[in-house]
Amino acid sequence: MRRAIGQSLRIGVSGFAVSLLRVSRWRGEPVTVLAEHAFAPSGEHPFDAIANALRALLGEQEAGGWPVSIVLADDLTRLWRVVPPPDAARLADIEAAAGFRFQSLYGESPSAWQISGDWSATQPFFAAAVPRALLAVLGKVAEEFKLHIVGIEPHFITAYNRWRRGLKPGAWFGLVHDHLLTLAAVEADGKSIRAIRALPIPAGQGADQYWLGQTLKREALLLDMEAPELLQVCGAAPAAWSKPVTNPAHIACAVLDQSQLASSGGLSTMALMARGGSAA
């Protein structure tokens with residue numbers, strides 16, 4: 001596969017499917033789906049299943065030498081807020097604080113996870129973790145197919161980095177993918193996040209405006225915050241959420257990527273995830 005200037009690959013990875021896209025910045029189709037592959041999740045060897053799916057995905061592509069960005073479904077990663085200890089003076093101090101917080105939240109040893117963050121010794125920051133075994137699988141497959149990994153990010157981070165400048169005062173941000181709402185409780189100043197929550201969305205008619213309003217109000221109460229005036233969301237949000245608000249129990253919702261979804265040409269949810277924060 002010949003690569004033109006400004007082109008790169010994006011791979012979306014979840015626990016049950018993978019998607020390969022070609023992104024073009026300057027000419028041709030902005031986004032082209034090259035291949036997708038669904039597979040049965042494996043409880044005992046989940047990352048081996050992902051590796052085999054990626055090999056099937058890439059096997060018919062001549063992508064050697066291409067740069068690739070990888071977007072991971074949020075349920076494969078962890079995101080959490082860290083408050084640095086008062087006496088933090090070294091990077092090792094705040095890395096340890098992130099590890100302790102991770103263990104208290106998720107009940108797992110941080111040693112099996114690669115943790116990164118917007119490290120700060122003076123103010124709270126967010127950290128992200130990806131299983132080391134998954135990173136090893138991604139690196140091995142990339143090496144086999146001679147791909148150059150330029151970035152690996154959770155889906156939520158790619159989406160938030162793209163849309164955060166468009167958030168309105170008093171709004172929270174949400175990402176919907178695979179019946180999961182990853183919710184960012186944004187401070188009133190609109191510049192920082194108090195917490196990130198991953199919330200399962202009820203199936204069928206259960207995910208209506210009332211459910212959304214009650215869910216947002218409950219999370220605000222738990223965080224000792226005012227409920228948001230608006231939820232700005234991207235991804236496959238239920239259509240009912242963005243209907244006009246007619247009940248005080250409801251909270252308005254606006255779909256940030258409505259025009260992108262309308263022009264996506266019927267891209268699958270996995271392709272939309274792989275597209276992630278791409279400017280194309």
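**Exercise 1.** In which sense do β9 and β10 pair, and over how many bridges?

*Solution.* Start with the terms: strands are DSSP runs of E with at least two residues, numbered from the N terminus, and two strands pair if DSSP finds at least two bridges between them. β9 and β10 pair in the antiparallel sense, over five bridges. One of the contacts between partners is H177, whose bridge partner in β10 is L180. The two strands form a hairpin with two residues between them, and D178 in the turn has a positive phi of about 50°.

The model is predicted, so local features need pLDDT of at least 70 and side-chain atom pairs count only at pLDDT 80 or more, while totals for chains, interfaces and linings use all residues. Residues are numbered from 1 along each chain as its sequence is written, and side-chain values use heavy atoms, with hydrogens and water left out.

**Exercise 2.** Find the order of the strands in the open sheet of five strands, and state why one side of β11 and of β13 is left without a neighbour.

*Solution.* The order is β11-β10-β9-β12-β13, with mixed pairing. β11 (193–200) and β13 (252–255) stand at the edges, each with a single partner strand, so one side of each lacks a neighbour in the sheet. Next, take the pairs. β10 and β11 run antiparallel and are joined by seven bridges; here A184 stands opposite I196. β9 (171–177) and β12 (230–235) pair in the parallel sense over six bridges, and L175 has C234 as its bridge partner in β12.

**Exercise 3.** Are the residues of β10 buried or exposed?

*Solution.* Buried means under 20% relative accessible area, exposed over 50%, and partly exposed in between, with a 1.4 Å probe and protein chains only. Seven of the seven residues of β10 are buried. Now sort them by direction: L180, T182, A184 and V186 point one way, and L181, L183 and A185 the other way. In a regular strand the side chains alternate between the two faces of the sheet.

**Exercise 4.** Which residues have the most contacts inside the largest nonpolar core?

*Solution.* A nonpolar core is a set of buried Ala, Val, Leu, Ile, Met, Phe, Trp, Tyr and Cys residues joined through side-chain atoms within 4.5 Å. The largest one has 38 residues, and F156, W172, F173, L212, L231 and W241 have the most contacts inside it. β10 gives the most to this core, with five residues. A second, separate core has 28 residues, including L20, F39, I50 and L58.

Methods: Helices (H or I, at least four residues) and strands (E, at least two) are DSSP runs, numbered from the N terminus.
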